[in-house]
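Hello,

Here is the structure for your files.

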2 protein chains.
Amino acid sequence: MNKINKRMWCVRGFVTGKKVLIVYAHQSPGSFNAAAKDAAVEVLTAQNCTVEVSDLYTMKFTAAATAEDITGEVKNADHFCYAEETKLAWEAGKLSADITEEQRKLTEADLVVFQFPMYWFSVPAIMKGWIDRVLTLGFAYSDEKRYSQGIFKSKRVMLSFTTGSQESMFSANGINGDMNVTLWPLQNGILHYCGFQVLAPQIFWAPSRVSSEVRSTMLKDWRTRLEGVFGEEPLSFTPLDCFDGETGFQLKPEVHEKHATREFGLTVGIHLGKPLPPNNQMKAGV
Amino acid sequence: MNKINKRMWCVRGFVTGKKVLIVYAHQSPGSFNAAAKDAAVEVLTAQNCTVEVSDLYTMKFTAAATAEDITGEVKNADHFCYAEETKLAWEAGKLSADITEEQRKLTEADLVVFQFPMYWFSVPAIMKGWIDRVLTLGFAYSDEKRYSQGIFKSKRVMLSFTTGSQESMFSANGINGDMNVTLWPLQNGILHYCGFQVLAPQIFWAPSRVSSEVRSTMLKDWRTRLEGVFGEEPLSFTPLDCFDGETGFQLKPEVHEKHATREFGLTVGIHLGKPLPPNNQMKAGV
C-alpha cells in the first residue's frame, strides 16, 4: 500500500463519516463532565466525525416512563404495561416526538458515549430516563435479538463518568466493593443486552478531590484515547449461543465443562462459583 | 411471662406504632406491582402499623436533580455541584417542598419498602429520581456516617420488585448473570451506604409469564412474609471498622488475613479474589 492509499484508507476506515452520539447529563457548563463532553466533541469533530449531543438537563428530557410517551390511545389503559405499549407504539410510529428523535440519533450513530457523574452507583435519574424511554422493546431489543445477537451489534458504546469516591474505595478490597460488579448491570444488562460492543469505561476518579493539574492530565489522556476509539477492542461478554434457550437460558453443559478447569469464571455475572475474571468489566481481552 | 403479658409485648414490640413508608413506582392500578403494594398496605395496617405510600407516578414526582431543588440562590451557579448545594440547602431548610416532604416520611419510617418493576437491571428512572433527590448529603449520609455507621442504621429497608426475565436467566449460570451481582449496587451502594438494615429482597419472578393462580400464590406468600417482617434478620455486609480510612478505605490487613483460608469472599463486591458468597445479596445469614 503506498502512502496515498494508506492515508485514504485511514480517512475512509477510521475517520470520515463516523457518527457519534453523546448522551450527556450534567447541570453545569462549568463542570468537569462538561469539559469531558466538550473535549470529546472537539477531538471527534476534528477527525471528521459528525457529533450530536443530547444534553439532557438543557433539553429538560422527561425521565418518567408514562402513557404520555404514546400518541393517542393505549391498548390497555387499565393494565398498562410500558414495554408492550411502547412496542406497539413504535411499530405504529406513535411514540412521542422526544423519544422518536433520540431513536433517530441512536439509529444513525456508530458510537454512543454516555457522559455523566455517577450518582448512587449508577447513572443519574435523567439518564436512566433516557435508557428506560429510548431503548424500547422492538426498537432496541426483542426476545430473539439481544446480547451478542442484539440489534445494535454494529455500534460501539462507552460509559464515561466521574466518581465522588477515590479509586481505592472501588477496588476489590475497597469499602464500595469492586467497580467491576457495579458496572455489570449497566454494561451487560443495558448496553450489551442491546447488542452494543461495549468499550472499556472511561472513569475519571474523584476529579473534585484532585488538583487542577491532575484534572488537566485526565482530560489530556481522554483526548488521546478518543483519537483511537474506533480501533479499540471491546470488552468480552459470553456469546448468546453459549446459553440454551430451552433450559431458561442457562449456560450449556459443554461450555460449563470447557471452563471447569480454568482459574476464573466467565464474567462478573457468570462466575461459575469461581473468582471473577479480574477487571472483566474494565479492560478488553480479559 | 403469662398469656396477657406476652400478647402485650407482641403488641408493643412487634406491631403497634411502627411506621412504614412504601415508595411505589408503577403507572397502573391494575398491575401486579399495585397488587403487591396494596397487599403490603393491608397486612401492615392490620398489624397497627402506620403506612404511608409515595405513589411516584400519581405524584408526578420530579426525577431530575436540578438547581430548582433549592429554594433561592445557589452557592455556585457556574460550577453547580448537586451534592454540595443540596447539603447547604438542607442545613438552611431550603430544599424544595417535595424533597422535604419525602425526607419527613423517611425520617419517621421504621421500615421502607421500594415496590417497583425492575427496568433495565435497576429501579425505574422515576424511583432513581427519588433516590437521587431525597437521599441528600447531610440528611442521608456524610463522610463520617455511612455504611454500618450510617444515618439510617435503626431503619429497615427492602426492595420488592417484579422481573421481566425468568429466574433461571438471573441464576449464576444464566444469561443475565447472577442476581446477587445486579443487586449489589442497589443494596450495598444505596441502601446500606445510608446505614439501612437491608432485608432480603422480595423478588416476584416474571409474574407476566405465569398463570393467575401462581400470581395469587406469590401474593399470598408476600402477605405471610410481611406479617413477620419486623422480626427478620437483615442481610450481611462488612462493617465499616473492617476498613482503614487512612488507606483509602481498603480492607484492613488483619481482616483480610482472617478471611484468607475461608472458601468464599466477604460479599459480592468484596470477594478477595475468591468465589462470591452464594446468595449474599438474597439471603440473610450467608
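The C-alpha centres of domain 1 and domain 2 of chain A lie 25 Å apart. Domain 1 covers 3–234 and domain 2 covers 236–286; the bounds come from an automatic or database domain assignment.

This is a predicted model: local features need pLDDT of at least 70, side-chain atom pairs count only at pLDDT 80 or more, and totals for chains, interfaces and linings use all residues. Residues are numbered from 1 along each chain as its sequence is written, chains are lettered from A and ligands numbered from 1 in the order written, and side-chain values use heavy atoms, without hydrogens and water.

Now the domain interface in chain A. Contact (heavy atoms within 4.5 Å) joins 20 residues of domain 1 to 15 residues of domain 2. The two domains bury about 1400 Å² between them, 65% of it on carbon and sulfur atoms. Buried area is the accessible area (1.4 Å probe) lost on putting the two parts together, summed over both. R146(A), N180(A) and W184(A) supply 39% of the area that domain 1 buries against domain 2, more than any other three residues.

On to the copies. Chain A can be laid on chain B with an RMSD of 0.0 Å, by a turn of 180° and a shift of 0.0 Å along the axis. The two copies are thus related as by a two-fold rotation axis. Superposition is by least squares on the C-alpha atoms of residues with pLDDT of at least 70 in both. The same surface serves both copies: 100% of the contact residues of chain A recur in chain B.

Best wishes
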